[in-house]
Amino acid sequence: MDACTLGDLLDVIGGPSVRLHTAPAGLTVPVTEALLYDAHAPLPRAPGALLLAVGVRASAAGPLARAAAEAGMSGLVVRGPDGPLAEAESAGVALLSVDEDAAWHHVHLLLASAIGARPSTAGSGLGDLFALADAVATAVGGATVVEDPRQRILAYSTVPGQPVDEDRRQGILGLQVPTSPENSEQYRVLFAADGPVRLPALGGTGLGDPGGLLPRLAVAVRAGGETLGSLWVVDDGNLAPDAEEALAQGASTAALLLLRARAAQELARHQNGDLLRRLLDGTADPAGAAHRLGLGLGPDGDPAPVRVAAFVLDSAVSAADVEQTALRLLDLVRLQCEARYGRHACVLVDGVVYALLPALGEHGGARHKRLAEDIVRRAGQALRVPVRAGLGDVVPGLAEVTASRADADLVLRVLGPELPVASVAEVRPRVALLRLTEVMGERRELSAGAWRTVLAYDTEHGTDYARTLVSWLDAGCDMAGAARLLAVHPNTCRYRLRQAQQQLGIDLDDPDERLVLWLQLRTLAGLTATPTASS
């Protein structure tokens, strides 16, 4: 297990529970344990420890900060905001604080749990599975693989001298068992059995044919009635006499390792999701977050560019089902992103699923667009409800990820059934008009003007001056083009415009007035140049 760092710890419990005031040595210093200060006992030497200032007022904890540094500790935790900031910085130890009313035993449990529960960088425990595969291969006498229920290869043995066939080679190369009807039937037999089963070779004629495949000895890996995966051993005719018993024992160990790997993976997902949530609202440290999320640097040493993708269910989903369906959408987005980018951060916030996509080497966002389209298509099939996806702009690094999130949110608001997926660059005019609508609606000086007079006149007299004006302006002040949009004769259009100028005092010869009137009618009135039956 990799050492837990101060940054890792803050990613898990930072925020309201534990606040960081200073970290002179940076966020990558190791944190090994949490110790309760005892005024009646010598301070032990504990490299990497966090010292909890039990019984010491925050404002009087300066000597304790220096003592912690001399003992090799990484930081000091005090109650309340008035900690010894200058002393901690001078001593080179981190200073953290908790609420005034926090119970020290609770704080100690919180910190100790977070430090001890942190998974490895891989977050999967797969190293143990590789060791298990080697142990099983040695005990059983044949090359071994460990698979998950989806027939993905999680680990494989590397014991020298054990025969393998083409199926194993191809599976290891792609980390996926080759699909075929014969393979599917063998998995059906395997998962229906209570113990190890011997399965015939697929294709070729087995041992008598050097080009053929070899038989297998396999067993399902289960825990509490749930199938977690399977173990497969290549049978070259020289397996150990007790091969089935040894394989069954290996399955028991594999179940424990797979459960542990699942727990570690779920913890890592939760931590990364919480970190992404804080990045999106601008409360997380970008430098520490990049390290925690495994985002490297670009070729020039600068932070790797990223973009935010946002996915949301169609509003047609019933209120009773929306929460559960949104969680299923989160799982689907995470699965697809992990399949392409490995360890990945996704989070559900207020009904929207956000994913942080690495953009290094992207060419025009084409890969991200295809991913979003694929997720929307799969989600529509699996969830049986339409899903929309918006892609924010690519930003230089995590420090600007809030801007990409804002872009993605705006894109979601302008999408519809005719355009379920888009990047902000593709819908920039729509997004700009949406923001203009919001800004103009909030400011009296921007929302006042002749457009209100035009709409009121139309309502009172049954005229269609407002739509005629929008159509004419949309058509670039071309009378024939406006008439086509309105489905009327050009003379009708010309008459309406002349009447609007005379009766309402609009100066259509003034380009500034034309521009403001068009913007207000388009944004605040929501009018578009659509044909009308009125003449």
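A nonpolar core is a set of buried Ala, Val, Leu, Ile, Met, Phe, Trp, Tyr and Cys residues joined through side-chain atoms within 4.5 Å. The legends below describe views of a predicted model.

**View 1. The largest nonpolar core of the predicted model, which has 32 residues.** Within this core, the residues with the most contacts are Leu279, Tyr354, Leu356 and Leu398. Two or more residues each are given to the core by the helices α8 (243–280), α9 (286–292), α12 (401–414) and α13 (428–442), and also by the strands β11 (306–313), β12 (346–349) and β13 (352–358). The largest share, six residues, comes from α12. Apart from this core lies another one, of 25 residues, and among them are Phe311, Leu330, Ala372 and Val387. In soluble globular proteins, nonpolar side chains tend to be buried together.

**View 2. The surroundings of Tyr354.** When its neighbours within four places in sequence are left aside, Tyr354 is in contact with several residues, including Leu276, Leu280, Val308, Ala309 and Ala310. Its contacts also include Ala345, Cys346, Val347 and Val349, as well as Arg405 and Asp409.

**View 3. Cysteines in a structure that holds zero disulfides.** A disulfide is a covalent bond between the sulfur atoms of two cysteines. The cysteine sulfur closest to that of Cys337 belongs to Cys346 and is 4.4 Å away, which is too far for a bond, because a disulfide needs the two sulfur atoms within 2.5 Å. Cys337 is buried, with a relative accessible area of 1%, and Cys4 is also buried, with a relative accessible area of 6%.

**View 4. The largest cavity, with a volume of about 240 Å³.** A search of the whole structure finds one cavity of 30 Å³ or more. The largest cavity is lined by 24 residues, of which Glu147, Asp167, Val177, Arg216 and Trp232 lie nearest its centre. The elements that give two or more residues to this lining are β6 (144–147), α6 (166–174), α7 (181–192) and β10 (226–234), and the largest share, four residues, comes from α6. By residue type, the lining divides into 15 nonpolar, four polar and five charged residues.

**View 5. Gln151, in the loop between β6 and β7 (153–156).** Gln151 has a relative accessibility of 19% and therefore counts as buried, since buried means under 20%. Leaving aside neighbours within four places in sequence, Gln151 is in contact with Gln176, Val177 and Tyr187.

Terms used. Residues are numbered from 1 along each chain as its sequence is written. This is a predicted model: local features need pLDDT of at least 70, side-chain atom pairs count only at pLDDT 80 or more; totals for chains, interfaces and linings use all residues. Side-chain values use heavy atoms; hydrogens and water are left out. Buried means under 20% relative accessible area, exposed over 50%, partly exposed in between (1.4 Å probe, protein chains only). Contact means heavy atoms within 4.5 Å. On a 1 Å grid over the protein atoms alone, a cavity is a set of points where a 1.4 Å probe fits but cannot get out, and a pocket is an open set with protein on both sides within 12 Å along at least five of seven lines; lining residues have an atom within 4 Å of a point. Grid points are joined across faces, edges and corners, and a volume is the space filled by probe spheres set on the points. Ala, Val, Leu, Ile, Met, Phe, Trp, Tyr, Cys and Pro count as nonpolar, Asp, Glu, Lys and Arg as charged, and the others, Gly among them, as polar.
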